Amino acid sequence: MSNDALGPMETMSLADQAYQRLRAAVREGSLRPGEKITERDLAARLGVSPTPVREALRQLVHEKVVERVGTRALRIADHSAAARSEIVEAEVRLSALMARLAARHATDAQLGELAEVLERADVLVSQIERELAEQGTQADVTGRLAAVHRLLRHFHHQVEASVGNPVLEGLLEQARAFSDEERLDLTVKLAPERAEAFRRRYREHRGLLDALLDRDEDRAEQLAAHHHREALVQLSGS
């Protein structure tokens, strides 16, 4: 891993910068699956003290991007296809349960906030569709696509928060197959070649909201299970 691969560190807190640069190095292959790493070596390459690197690694361990193999030993995670599949299954089941409980517990105000999030996303999607229709492959919609993705992740996080069960929220956070940053990277990368699939995934959010508004626990659970499974399989490249 070269210093250039990590890039300059100019803004945000040092811990946030270290996290972003390390994640980019993993994504770009400068840090390879199975590679052993140390706080001291990474700190030297980033040009910072070990403290922010330690904080960044703590987050990466939580996200399963890095794994501990001893008291001080760390390595870049190398998940097998089977292990990834099991992680996906755990996230799907927990997400479906959270949707069921959201249909039961979400307040009218919380459901209204979910509707507002989708309305904001609809505006951006309409702008994207218009630019693609007018400019074709010349249109650069990356920024708006990223904004839509963040709104949809916010939508799902708000569904989970409406349950009001911190224990389940914590379990789901630990079970996620991809962090929000990974999801964003993969979405931007895959969207152009799988545009129709992403449009279908987008429309499913409205169906889930309708089920929540109807307080239909069974339908909310079924729709969420299908939505999350399809999305995760797509992001996994299956």
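This is a predicted model: local features need pLDDT of at least 70, side-chain atom pairs count only at pLDDT 80 or more; totals for chains, interfaces and linings use all residues.
Reader: Why is histidine 227 called buried?

Author: Buried means under 20% relative accessible area, exposed means over 50%, and partly exposed lies in between, with a 1.4 Å probe and protein chains only. Histidine 227 has a relative accessible area of 7%, and therefore counts as buried. Its place is in helix H11, where helices (H or I, at least four residues) and strands (E, at least two) are DSSP runs numbered from the N terminus.

Reader: What is histidine 227 in contact with, leaving aside neighbours within four places in sequence?

Author: Contact means heavy atoms within 4.5 Å. On that basis, histidine 227 is in contact with His156, Arg201, Glu204 and His205.

Reader: How do you know whether glutamine 234 is buried or exposed?

Author: Glutamine 234 has 9% relative accessibility and therefore counts as buried. Glutamine 234 is also found in helix H11. Beyond its neighbours within four places in sequence, glutamine 234 has contacts with Leu190, Arg194, Ala197, Phe198 and Arg201.

Reader: Why does arginine 215 count as partly exposed?

Author: Its relative accessibility is 33%, so arginine 215 counts as partly exposed. Arginine 215 lies in the loop between H10 and H11. Its phi is near 60°, a positive value in a residue other than glycine.

Reader: What makes a set of residues a nonpolar core?

Author: A nonpolar core is a set of buried Ala, Val, Leu, Ile, Met, Phe, Trp, Tyr and Cys residues joined through side-chain atoms within 4.5 Å. The largest such core here has 34 residues, and those with the most contacts inside it are Leu114, Val148, Phe155, Leu208, Leu212 and Ala220. Two or more residues are given to this core by each of H5 (81–105), H6 (108–135), H7 (142–163), H8 (166–175), H10 (195–213) and H11 (217–236). H6 supplies the largest share, nine residues. Another core, of 18 residues, lies apart from it and includes Leu22, Leu31, Leu46 and Val48.

Reader: Which residues does leucine 212 contact, leaving aside neighbours within four places in sequence?

Author: Leucine 212 is in contact with Ala99, Ala102, Ala103, Leu111, Leu114, Val159 and Ala220. One of these, alanine 102, is found in helix H5 and counts as buried at 1% relative accessibility. Not counting residues up to four places away in sequence, alanine 102 touches Val159, Ser162, Val163, Leu212 and Arg215.

Reader: How do you know on which side of H3 its buried residues lie?

Author: In helix H3 (residues 39–46), Leu42, Ala43 and Leu46 are buried. They cover an arc of only 100° around the axis, and are therefore on the same side of H3; the arc is that of the directions from the helix axis to the C-beta atoms. On the other side of H3, Arg40 and Ala44 are exposed.

Reader: Why is H3 called roughly perpendicular to H4?

Author: Axes are lines fitted to C-alpha atoms, for helices over the stretch in contact, and angles run from 0 to 180 degrees between N-to-C directions. Angles under 35 degrees count as roughly parallel, over 145 as roughly antiparallel, 65 to 115 as roughly perpendicular and the rest as oblique. H3 and helix H4 (residues 50–62) pack at about 115°, with their axes 9 Å apart, and H3 is therefore roughly perpendicular to H4. The contact is made by Glu39, Leu42, Ala43 and Leu46 of H3 and Pro50, Val53, Arg54 and Leu57 of H4.

Reader: What makes H7 oblique to H9?

Author: H7 and H9 pack at an angle of about 140°, with their axes 10 Å apart. H7 is therefore oblique to H9.

Notes. Residues are numbered from 1 along each chain as its sequence is written. Side-chain values use heavy atoms; hydrogens and water are left out.
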